[in-house]
Amino acid sequence: MFEICFVMCYNGYMKKSTVLVGGGVIATHYVKGFGNSSTLALTALVDTNPSCAARELFSVPFFTELDDALKLKPEVAVLALPVAAHGRVARELLSKGVDVITEKPMFGSLDEMDECLSFAKSRRKNLICMFHWKAADEVKFLKANLSRYGKIKSISARVCDDYAATPDGSIRQDRLGLMGAWIDSGINILSYFDEILDLSDARLTSEEVIVDDKSGMPKYAKKVFLASGITAEITVDWTKKSNKKTSVIECEGGTLFVDHTAQTVSFDGKIIFDCAVPDRLSSHYENLFYSLLPDDTANIKSTILLHKLLFSGSAK
């Protein structure tokens with residue numbers, strides 16, 4: 001009896017019946033997360049494409065229409081959709097009494113985020129955002145052990161993806177839904193920095209952006225913030241044939257180098273943490289989904305702060 005209670009409860013929180021809206025590539029990384037979640041019980045998958053990437057990975061009913069899935073009376077919906085669709089779908093779900101958890105970024109503008117959060121509050125429902133980089137194993141290690149190396153003096157991160165490493169230098173057609181380099185990846189790094197820095201007074205001090213002429217979206221962005229006197233620099237580059245993601249943390253006691261692709265942390269050249277998990281994104285979501293609560297009020301505070309920083313300046 002005790003074991004059954006443990007499976008069904010997380011700190012007294014019963015599992016919530018959950019529908020996953022969106023079965024594309026990102027949803028394929030949710031399998032372990034949903035399978036090991038102590039808070040969410042997946043009951044259905046919805047995608048307009050019957051041949052979506054995640055359909056065969058989940059042993060739950062599949063629907064091409066959201067209304068059909070809603071007949072199962074889900075308590076929570078997880079949105080793994082293009083950012084542009086978040087607002088419309090979230091409002092529909094909230095209006096029907098369903099709590100909503102969105103992929104990052106929550107929305108494509110501050111105005112849309114404020115409007116949807118206000119709407120959720122008016123309906124007495126929950127609307128939160130998933131920041132999967134917060135749940136990365138190397139980030140969790142840093143959060144637990146960073147104090148050993150003295151105060152942070154500066155931090156810089158660089159994220160590379162090959163989404164604009166095309167013959168004509170334009171962003172790939174299949175990546176246009178990400179809304180450009182900064183919107184897609186800037187939020188990841190900001191959410192990581194939020195785990196180890198106080199960003200409450202952070203402000204943008206400089207930025208540089210290269211826009212793709214064809215789509216009008218940034219394919220390269222560099223932003224520098226000042227947070228509690230610490231320089232925090234973020235570079236996102238889609239123009240090279242690289243998928244490397246790294247950061248450097250200068251501390252009073254030495255230098256930490258973080259390879260987010262390999263999920264390792266080195267101190268003054270010596271590896272001090274090695275996660276050794278092949279699929280880093282699945283690892284992120286497994287950590288995240290385990291205790292993810294749709295009524296996490298702390299998440300709302302972080303969501304507002306991180307999106308204000310995300311949409312500061314002009315490199316959107």
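Strands (E, at least two residues) and helices (H or I, at least four) are DSSP runs, numbered from the N terminus, and two strands count as paired if DSSP finds at least two bridges between them. This is a predicted model, in which local features need pLDDT of at least 70, side-chain atom pairs count only at pLDDT 80 or more, and totals for chains, interfaces and linings use all residues. Residues are numbered from 1 along each chain as its sequence is written, and side-chain values use heavy atoms, with hydrogens and water left out.

Start with the open sheet: eight strands in the order β10-β11-β12-β9-β13-β14-β15-β16, with mixed pairing. Its edge strands, β10 (203-211) and β16 (270-274), each pair on one side only. From one strand to the next the twist averages 15 degrees; axes are lines fitted to C-alpha atoms, for helices over the stretch in contact, and angles run from 0 to 180 degrees between N-to-C directions.

Next, select residues 245-251 and 254-259, which are β13 and β14, antiparallel over six bridges. They form a hairpin with two residues between them. Cys251 faces Gly254 of β14.

Move on to β15 (residues 264-267), joined to β14 by four antiparallel bridges. Phe257 is opposite Ser266 in β15. This hairpin has four residues between its strands, and Gln263 in the turn has a positive phi of about 60 degrees.

Then go to β16, which runs antiparallel to β15 over four bridges. Asp274 in β16 is the bridge partner of Thr264.

Finally, select helix α7 (residues 181-196), which lies across β9, β11, β12, β13 and β14, at about 150 degrees to β12. Contact here means heavy atoms within 4.5 Å.
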